[in-house]
Amino acid sequence: MKQKILKAVDVAKSFANNGGQNHVLNMVNMEVYEGDFTVIMGSSGAGKSTLLYALSGMDKPTGGKVYYKDSEVTGLSEKKMALLRAKEFGFVFQQSHLVSNLTLFENVAVTGYLSESKTAKEVNEKALELLRKMNVEKAKDRLPMQVSGGEAQRAAIARAMINDPGILFADEPTGALNKRNTEEVLHLLTALNKEGQSILMVTHDMRAAIHGNRFLYIEDGKIIGEMTMQPYGEEEAKMREKQIDAWLSSMLW
């Protein structure tokens, strides 16, 4: 039986809006299981990214509780939450957000140094190993502006993995990439998941969605649908796309 790695209980998020409240998340209840590639889908403005940020501690919910490995994290101080994110969570966004004046290698390694869980030598070796795994080792000494968008995003995945995160959060990780680079990034994320990495990804792109095995649909700030599939297999891509498309249609996407 799969273990819960992340859990949301009645999670809410509101923003002040012209004297009123804009309720973006409305009593969200959900779980993420260890080893799953979980995909959150929904129309624009449904609350996908807001939910991801609330679950990952990037933003504080205005109500409810979030648990990571059975421990509540919503009540943690900002310092303790930052430490948890550094040690246990990895992040990949639509833009790579690499530090412009650091090389790809430095961008990856510096995140490892911050966790203080490995020696500098161990971090450097791990950084090189990950850059090699992400097929970007040859560009390790280049600055982000000197590489392609796909190379930068692959380096960002390496950075996200440097501290062996319990869960990898991905917010539209292929949204700014062309088709070839999209396929390369999705192949790498799928390979990581097959090695046991738990992934929670927000996307509106069917090409990305088919790589998941568990799907949650959010509408008006609430999870209203769920579907599970077998782990991704390239030979089944077209069939998976049809199944997910049918499910999304049933959600009136």
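Reply: Start with one cut-off: a residue is called buried when its relative accessible area is under 20%. Keep in mind that this is a predicted model.

Me: What makes strand β3 mostly covered?
Reply: Count its residues against that cut-off. Strand β3 covers residues 37-41, and five of its five residues are buried. F37, V39 and M41 point one way, while T38 and I40 point the other way. In a regular strand, side chains alternate between the two faces of the sheet.

Me: Which strands does β3 pair with, and in what sense?
Reply: Two bridges are enough to call strands paired. β3 has four bridges with strand β8 (residues 198-202), in the parallel sense. There, I40 stands opposite V202. With strand β9 (residues 214-219), β3 also pairs in the parallel sense, over four bridges.

Me: Why are β2 and β5 said to stand at the edges of their sheet?
Reply: Look at the order first. Four strands form an open sheet, β2-β1-β4-β5, with antiparallel pairing. β2 (20-33) and β5 (71-72) each have a single partner strand, so one side of each is left without a neighbour in the sheet.

Me: How do you know that β1 and β2 pair?
Reply: The cut-off is at least two bridges. Strand β1 (residues 4-17) and β2 have 10 bridges, in the antiparallel sense. N17 stands opposite G20 in β2. Helix α1 (residues 48-56) lies across β1, β2 and β4 (63-68). Its angle to β2 is about 65°.

Me: How do you know that the length of helix α4 agrees with its number of residues?
Reply: Take 1.5 Å a residue. Helix α4 has 14 residues (120-133), so it should span 20 Å. The end C-alpha atoms are 20 Å apart, which agrees.

Me: Why is K126 called buried?
Reply: Set the value against the cut-off. The relative accessibility of K126 is 17%, and buried means under 20%. Therefore K126 counts as buried. K126 touches M161, I162 and D164, leaving out residues up to four places away in sequence.

Me: Which residues of α3 are buried, and what covers them?
Reply: They are L104, F105, N107, V108, A109, G112 and S115. Their cover includes α2 (78-88), α4 and α5. Just after α3, E116 takes a positive phi of about 60°.

Me: What makes a set of residues a nonpolar core?
Reply: Its members are buried nonpolar residues, joined through side-chain atoms within 4.5 Å. The largest nonpolar core here has 49 residues, and I157 and I244 touch the most other members. α5 gives the most to this core, with seven residues. Another core lies apart from it, with 28 residues, among them L6, M81, L84 and L200.

Me: Which residues does I244 touch?
Reply: I244 touches M41, M206, A209, I210, F215, M227 and M229, not counting residues up to four places away in sequence. M41 is one of the buried residues of β3.

Note on methods: Residues are numbered from 1 along each chain as its sequence is written. This is a predicted model: local features need pLDDT of at least 70, side-chain atom pairs count only at pLDDT 80 or more; totals for chains, interfaces and linings use all residues. Side-chain values use heavy atoms; hydrogens and water are left out. Helices (H or I, at least four residues) and strands (E, at least two) are DSSP runs, numbered from the N terminus. The expected span of a helix is 1.5 Å times one less than its number of residues. Buried means under 20% relative accessible area, exposed over 50%, partly exposed in between (1.4 Å probe, protein chains only). Contact means heavy atoms within 4.5 Å. Axes are lines fitted to C-alpha atoms, for helices over the stretch in contact, and angles run from 0 to 180 degrees between N-to-C directions.
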